[in-house]
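This report covers a few local features of one protein model. Please have the sequence and the structure at hand while reading.

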Amino acid sequence: MTRIVVGVCDSNIVFETGVLACLADDPTIEARRIDPENGVAEPLAVAVTSVDHIDDDWVDCPIVVCADGSEENRDLVGRNDVGALLSRATVTPDQLVGAVHAVGAGLRLTQESNGLAELDQRSLAVLRLLADGASTRDIASELGYSERTVKAVIATIASRLGSRTRAHAVATALRRSLIS
């Protein structure tokens, strides 16, 4: 059995430890914590890191980048060394392992490629009603939520889409085909 040697480095030690634990469950992956100051002892097949470390010297292999959903970070998909861009907020252990296998096999992907990975069904329902011009009160009444819940869902949507306003969130969702 061929093992994929994966280097993991992240500025957030809790996230880094979680990534290592997720990868440790797959017998075909050999995951190692990498200290960017000391580099790597042997060649890596794949690196898993955050935006903070993608330009470090130890990274000389395809990278699985875990980042927030901002427009600036979405531009990373065009980089030759980035094999996968995953949302830190929504990536699951299975998606992470799948991305490592895909990148190790020479594929490129983004978690958002199907358009639904970033938002849950409640958020999508709220977003569709926003796109139809519904107010917070209208959305709450239609979906059976309190206005406070609707406002919280809208704030989460805006954050995940990197939007500044409700209109910007709707425009971003339409552009990414999250809603139609």
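Leaving aside its neighbours within four places in sequence, which residues is T136 in contact with? In this predicted model, the residues in contact with T136 are E147, V150, K151, I154 and R166. T136 belongs to helix α5, which covers residues 136–143. The side chains of T136 and R166 are joined by a polar contact of 2.6 Å.

Is T136 buried or exposed? Its relative accessibility is 9%, so T136 counts as buried, the cut-off being under 20%. P43, in contrast, is exposed, and its place is the loop between β2 (29–33) and β3 (46–49). The C-alpha atoms of P43 and W58 are separated by 9.5 Å, with the two residues 15 apart along the chain.

| Residue | Relative accessible area | Class |
|---|---|---|
| T136 | 9% | buried |
| P43 | 70% | exposed |

R166 also takes part in a helix pair. Helix α4 (residues 121–131) packs against helix α7 (residues 166–175) at an angle of about 105°, and their axes are 10 Å apart. An angle of 65 to 115 degrees counts as roughly perpendicular, and therefore α4 is roughly perpendicular to α7. On the α4 side the contact is made by L127, L130 and A131, and on the α7 side by R166, A169, V170 and A173.

Two notes concern aromatic rings. The charged end of R122 sits over the ring of Y145, at 5.6 Å from the ring centre. The count of aromatic pairs comes to 0.

Definitions and conventions:
Residues numbered from 1 in each chain as written. Predicted model: local features only at pLDDT ≥ 70, side-chain atom pairs only at ≥ 80, totals over all residues. Heavy atoms only, no water. Helix = DSSP H or I, 4+ residues; strand = E, 2+ residues; numbered from the N terminus. Buried < 20%, exposed > 50% of the residue type's maximum accessible area, 1.4 Å probe, protein only. Polar contact = N/O pair within 3.5 Å; in protein donor to acceptor, adjacent residues only side chain to side chain. Contact = heavy atoms within 4.5 Å. Phe/Tyr/Trp six-rings, centres within 6.5 Å; stacked < 30°, edge-to-face > 60°. Lys NZ or Arg CZ within 6 Å of the ring centre and 35° of its normal. Axes fitted to C-alpha atoms, helices over the stretch in contact; angles between N-to-C directions. Parallel < 35°, antiparallel > 145°, perpendicular 65-115°, else oblique.
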